[in-house]
Amino acid sequence: MQLIFEKSVPGRRAVRNVASDVAEPVQIAKNLLRAKPAELPELSELDVVRHFTELSRRNFGVDNGFYPLGSCTMKYNAKVTERVSHYPGFAYLHPLMPQLPGGEMLVQGALGLLHKMDRALSEICGMSAFTMQPMAGAHGELTGAMIIAAYHRDKGNKKTTILIPDSAHGTNPASAAIAGYKIQTIPSNSQGFMDMDAFEKALTPEVAGVFLTCPNTLGLFNPNIKKIADRVHAVDGLMYYDGANLNALMGHCRPGDVGFDVMHLNLHKTFGTPHGGGGPGAGPVGVVEKLVPFLPTSVVCAHEDGSYYLDYDRPKSIGYIAPFYGNFGVIVKAYAYIIMLGREGLFRVSENAVLNANYIFRKLQPYFDYTLPADKPCKHECVFSASRQAKSGVRAVNIAKALIDRGYHPPTIYFPLIIPEAMMIEPTETESKETLDAFIEAMIEIAKIAETNPEEIIAAPVTTVVSHLDETRAAREPDLASLA
Amino acid sequence: MPFIANTDEQRRQMLADIGVANAEDLFADIPPELRCGDLNLPAGLTEQEVRYRMQALANRNRTGMVSFLGGGFYDHFIPAALDALVTRSEFYTAYTPYQPEISQGTLQAIYEYQSVMCRLTGMDAGNASLYDGGTAIYEAIMMALRITGRRRVIVDDSLNPIYRKMVRSYTTNLGIDLIETPSFEGLPDRARIEQELNKDTAAVIVQNPNFFGRIDDLSDVAELAHRHGALLVMSVYPIALGILKTPGEMGADIVVGEGQSLGMPVSFGGPYLGFMTTREKYVRKMPGRIVGRTVDAQGRSGFVLTLQAREQHIRREKAMSNICSNEGLCALTSLIFLSLLGKEGLPELAQVCADKASYARKRLLEVPGVTMRFPNKWYFNEFVLNLPMPADRVTRELLNRGIAAGFPLGRYWPEMTNCLLVAVTEKRTKQDIDFLAHALEVILCS
């Protein structure tokens, strides 16, 4: 397919700008102007519409089909949440408005929404307060790590290190490192949990905190979690909860009750906002009482009369981490999702997410290796290994591509790093039994062909607009832009 | 239950196949003392109720005002075709394009986005987006530290004060020597910057048009920085680049900015779009996702995420940034916006904004007691007025008359309590401007 620039015809126009209604044009000094106009495409509106419609057909979203991308919680994105986020009262509200004298009273709906969202997420997670400012999950992790650093600085603690299990998302160590910490990786044991001996050995007074996700990236709930929290608290360390996997627990178990002190959520996972093909996300951060003073500036507060205001006078705050109040448009969608589901609905979300995952977990066990003890249920996702198929040359990546030919988005592959040939499957609660059965059948069919005719699987995908792309060439001779 | 497909009968079958009596058994691995009771939340609502509830909240926000608020976040016109395309769910319900064969739509769009941002800024390469204009500056600083191996950064105070606060927060734990140089008459003070430059300096950070709306040729600042082995990081307003000299022409090394003006509503602060472009030689030091063009097994052109060895999922704590999800859909939005405007349309739009702002300046200066804060030279679509009384008071009174007149600068510059930052876009009419001037006159003269 041609690049949009290759479709350009000199002199062709799409949108016409409004004409200036003031008398004289301003002539800015020549040395301040660009030498030539930017080489933007010259197209009609229909040209543009056809180009992007064609591109959209070369994409695969949840609306196209089953998307069991483990750890990403690709559930259905309700259309009503899109609709309400476009209400002019939200979309056209200028963020500087509440910073004007008297301006707070003109944005009470927005401040109220942010405050109600804080209260709802705090209840769901067992935290004291949430900030909505972080603009993605990893941004939330960084915010959390900065809060941990501010807490220790305030107490005069000399802390240098964050402990992170080897099964963690790559963002965990990356985020903690750019908050100034040394990272110590703790190996997992044969059960798939953080090794307790290694953890105890690493737990020195220099430990500022531990980053964990629960259930972990293997989809398993760590039975030692409370013990870990108690041990960390004993050295005045803080427990960080990576909320990527909260879809397993809503209404069943709260991170705050387990002993976590600071956490982020991915609204584009658990709370049904779309991922947008790579954002915008939203990564609200929740904290327990003792960390509330360190939340980023500003904080939405309620007056006694029920009106809301922004508190900027927070001497212990980590300061500004976003220009304003976070990815507000995303928060609007997640709030609509929460009030639509309600108490019972959120409980059922997690129950059905776990049910769907266990159904796949059980049905695929005869066909794929499971390298951990299978005596316990999984939570919202399960991680198989393609090591059995790899013996005949069919690797996880080949199974992924064969699934593409069968109309599915593949699971997450090669993550977590501790499982060889990992395939991490997360069906989510919004998928039906028929969809799961058809996917299971496809996986079984692929497993069988892998034995009898592995070349057929290795040749996949054969139905897509492009076949296997040369990633080595892309990295060695980077072509990152079409320059005019 | 909304959005849960399985019937009770299906759930029973599935539980039987799994080999458990009920769904509760699937949670038996959670120690009982860690289970929670019912959440203290209201019961769920129907779609109709949700829409009513959300509309009621939206109605409590005043968005119908005549607004001259800007400060880096601008109210530009958004064509209908843009909404129609960006709301295609093949785009917005997809994840990050990890599987290139079924993600060519997102990948090609991001490659085209990187291309238009390079063409606009006059640079060689860009990434797939960052969260917003402020975090983009922080990422540019980190990138400059990686490139130069130095620890000192000079930030000119005509950079958006909100971004300066963000940079301060992010660098607190990193042992960076952060210097703020006071601007002179609303422009970066060259002599002061030169004084602060030394062999430890990684970068000089400037903005054009700057927060006061002033435009400048920063080529000499680039030369100054380069003479000391430092990089020039420039934050820009992409609409203005329709006509203004590009950072590339001025010799900038890293260009960042807030892309909200390219087709996104102001949306109470987000989602926005941080963009970044740079010189070819620094490509491997850039943070974030990058899309590259390559070929498939049949020699067909195609697109992939590339240079991933920089990223957190490979390098973990040694990654160049922790960023994972960025603002992909906003990048797509800006690409569609620029495609609809086109080569002739963008400069035309920029000129209309400058023309209307010029008229507004002239008209507002006719109000007795109103002067320009800085010597009246070159501006794009925003400028700072000096009022004969505190700008807070004037702003409050104008709000009561349905006008958001601009942003009083006293909040960030205590010595500028009488100063008001006024922004004009193509959406403001001559009538709006006259209305503001008239209302201002009434307030100042009463």
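**Helix α13 of chain B and its setting**

Guide: In chain B, helix α13 covers residues 391-400, and its buried residues are B:Ala391, B:Val394, B:Thr395, B:Glu397, B:Leu398 and B:Leu399. The model is predicted: local features require pLDDT of at least 70, side-chain atom pairs count only at pLDDT 80 or more, and totals for chains, interfaces and linings use all residues. Residues are numbered from 1 along each chain as its sequence is written, while chains are lettered from A and ligands numbered from 1 in the order in which they are written.

A residue is buried when 20 or more other C-beta atoms lie within 10 Å of its own, exposed at 12 or fewer, and partly exposed in between, with C-beta atoms placed from the backbone. Helices (H or I, at least four residues) and strands (E, at least two) are DSSP runs numbered from the N terminus. An α-helix has 3.6 residues a turn, so residues three or four places apart point the same way.

The cover over the buried residues of α13(B) includes β13 (403-404), β14 (407-408), β15 (419-423) and α14 (430-445) of chain B. After α13(B) comes B:Gly402, with a positive phi near 85°.

Chain B as a whole has 14 helices and 15 strands, and its C-alpha trace spans about 80 × 55 × 50 Å along the principal axes. Of its 446 residues, 61% count as buried. Two residues are in contact if their C-beta atoms, placed from the backbone, lie within 7 Å. Among contacts in chain B between residues at least 6 apart in sequence, 73% join residues at least 24 apart.

Chain B also has an open sheet of seven strands, in the order β2-β8-β7-β6-β5-β3-β4, with mixed pairing; strands pair if DSSP finds at least two bridges between them. At the edges are β2 (125-126) and β4 (177-181) of chain B, each with a single partner strand, so one side of each has no neighbour in the sheet. Within the sheet, β5 (residues 201-208) and β6 (residues 231-236) of chain B run parallel and are joined by six bridges. B:Gln207 is opposite B:Ser235 in β6(B). Helix α6 (residues 133-148) of chain B lies across β3 (152-156), β5, β6, β7 (254-258) and β8 (274-278) of chain B, at about 165° to β7(B). Axes are lines fitted to C-alpha atoms, for helices over the stretch in contact, and angles run from 0 to 180 degrees between N-to-C directions.

Beyond chain B lies its partner: 174 residues of chain A are in contact with 164 residues of chain B. On the side of chain A that touches chain B, helix α10 (residues 328-364) of chain A gives the most, with 20 residues.
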